[in-house]
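The following note comments on the interfaces in the model under review.

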Amino acid sequence: MALGGCRSFSALAELPDTHQILRQTCRDFADRELTPIAGRLDREHAFPLKQVQELGAMGVMAMEVPEELGGAGMDYLAYSLAVEEISRGCASTGCVVSVNNSLYIGPVLKFGTEEQKTEWITPFTTGEKVGCFALSEPGNGSDAGAASTVARQEGDEWVLNGTKAWITNSWDAAATVVFATTDKKLKHKGISAFLIPMPHPGLSLGKKEDKLGIKATSTANIILEDCRVPLGNMLGPRGAGFKIAMQTLDSGRIGIAAQALGIAQASLDCAADYAHKRIAFGAPIGKLQAVQFKLADMNVAVESARLLTWKAALLRDSKKPFTKEAAMAKLTASEAVTFCSHQAIQVLGGMGYVSDMPAERHYRDARITEIYEGTSEIQRLVIAGQILKEYQA
Amino acid sequence: MSGRVLVGVKRVIDYAVKIRVKPDNSSVVTDGVKHSMNPFCEIAVEEAVKLKEKKLIKEVVAVSCGPQQAQETIRTALAMGADRGIHVEVSGKDYETLGPLQVSKIMAALAKKEEAQLVILGKQAIDDDCNQTGQMTAALLDWPQGTFASEVAFDGDKIKVVREIDGGLETIMISSPAVITADLRLNTPRYATLPNIMKAKKKKIANVKPADLGVDLTSRLEVLRVDEPPQREAGVKVETVDDLVSKLKDAGRL
């Protein structure tokens, strides 16, 4: 497969000036505004409202959206850098940024009419409102084609019934993209996408899940009981829902890979700093090969995943196919962060197990990245599917 | 009035970095060390951009003196809202000995050339802590100065500056053109917005050599030696006040 011109890939060696300034700006924001409060947000399960508003004012909540619609008009490489730096400060905030950008705004930007974009994107660029993405159900997560939520037409309205599960941002969102079956006989080709404002009659929220990590985000069921929306709230053509969901998740995976990288880098920073300061056997523990090998393995894992993430972003920005690379990025980054956060606790020893140090929070935050937006198992299926296509006899 | 404001921005070692002295005690290690815009310069840029947003001035020009990397600092100022930049190229030995006297000569020359209405600088740089450039620039231009500013307000064709001084706050009225140096509480610098980071790419940075401005870079100062601060030593406990007094006398403190 011919790939983009050399200019795109020199970015892997050294980022362009704008991207360097963007990365530094997001890093400064994370260091000053997120790192100091991340522990409290986690303990109190508190949505970072003020910080989301500030990020909105900077343009981070709608990075790919064109300026005319209120966004920052930047590319996906910039987006990956921003999500990584934000997540390095606070994984929950990184998650909110990623869900709003990739999962909510993403599909509307790609499949919406001009009117839908103005109505459903512009108010969500400022940080005042965030959106969510409702695909999974109690009966199906990986098995997305089996959507049992249904939508029937009644006059000039769609009426939706069903339950969606594990919806991130649900309690804090002002709108959602929902996937429902409009033609059961067509199976996964009979699923359509809808836009529903929140709150809305017929839409209610289940209890907030009590999660292991990313506790400052809200995760809950969305229950639809004769929820009525105008016909104009269908997103994209009838029956295109599955395709919209899959394409949206392709991009979303780059965002989650970036989130995982941020947490992994934070774990590595924590472990490396501790290795300098902690004295044991008469010297800083960084002198011990056992610790050195861990730090080396952590850095290799993060940097490899980072390069895969940047490559996926660059391919997407060059409008080349990027499904396989996005899956590879998400797979490696999420496995890297599970590894890094685990080893960081090991380097810290007892200190890694208590909340005085952020290592335990990174460990808990890391775990979700191998699950949401496509489990590691699904990523492997996606990658294998692409490989087999490439090698088709 | 031209409505043009010159803002000086200095590239310094980042405030969070642990400073290390070179083994030969000639200077501090700068290679591979993270650098960023001097925090007081950020405050200066923010003030200038705010004045422009209030439509009290028309153009913000960011100036930095240094090697190639000084352009990064100018770009950060552009991303914060400055309109254009001027990079005064100083590198090698000249850069090692560059100090307030030379920089103020450069700033004064540029202020005249650009017909600036106002020059805003940080009160001091966090690397050398000189706190001299603003004052020297004003003297060279024979302009009034409002240093350690915690508040700046235009009052007709005058400028009201509230200054942070040892005894509290001092309010002065100065005429323009003038030099102002920014203190900590003047404002809280903004994070660059992404659209502004994109726009900064297109803004111009002019390259100028000190010789073009008729400035002689020769330093009048020579750094003899740089040392780490002394390591903090353990204290000593004493039993009585007499012991304390005699220990203080021994140490030459009384």
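How much area is buried between chain A and chain B, and what share of it do carbon and sulfur atoms give?

1. The model is predicted. Chain A and chain B bury about 1,500 Å² between them, with carbon and sulfur atoms giving 66% of that area. Thr18(A), Ile21(A) and Met58(A) supply 35% of the area that chain A buries against chain B, more than any other three residues.

2. The salt bridge joins the side chains of Glu67(A) and Lys199(B), at 3.9 Å from N to O.

3. On the side of chain A that touches chain B, helix 2 (17–44) and helix 3 (49–58) each supply at least two residues. Helix 2 of chain A gives the most, with 10 residues. That side comprises 9 nonpolar, 6 polar and 5 charged residues.

4. Within chain A, the domain assignment places domain 1 at 17–130, domain 2 at 132–241 and domain 3 at 242–391. UniProt, in an unreviewed entry, lists residues 132–227 of chain A as "domain: Acyl-CoA oxidase/dehydrogenase middle". Residues 132–227 of chain A are 50% strand and 0% helix.

5. Domain 2 and domain 3 of chain A bury about 1,200 Å² between them, 74% of it on carbon and sulfur atoms. The side of domain 2 of chain A that touches domain 3 has 10 nonpolar, 7 polar and 1 charged residues. Across this interface there are 0 salt bridges, while 8 residue pairs are in polar contact.

How values were computed:
Residues numbered from 1 in each chain as written. Chains lettered and ligands numbered in written order. Predicted model: local features only at pLDDT ≥ 70, side-chain atom pairs only at ≥ 80, totals over all residues. Heavy atoms only, no water. UniProt positions renumbered as here; feature names shortened; annotations may be inferred. Helix = DSSP H or I, 4+ residues; strand = E, 2+ residues; numbered from the N terminus. Domains from an automatic or database assignment. Buried area = accessible area lost by both parts, 1.4 Å probe. Salt bridge = Lys/Arg side-chain N within 4 Å of Asp/Glu carboxyl O. Polar contact = N/O pair within 3.5 Å; in protein donor to acceptor, adjacent residues only side chain to side chain. Nonpolar A, V, L, I, M, F, W, Y, C, P; charged D, E, K, R; others polar.
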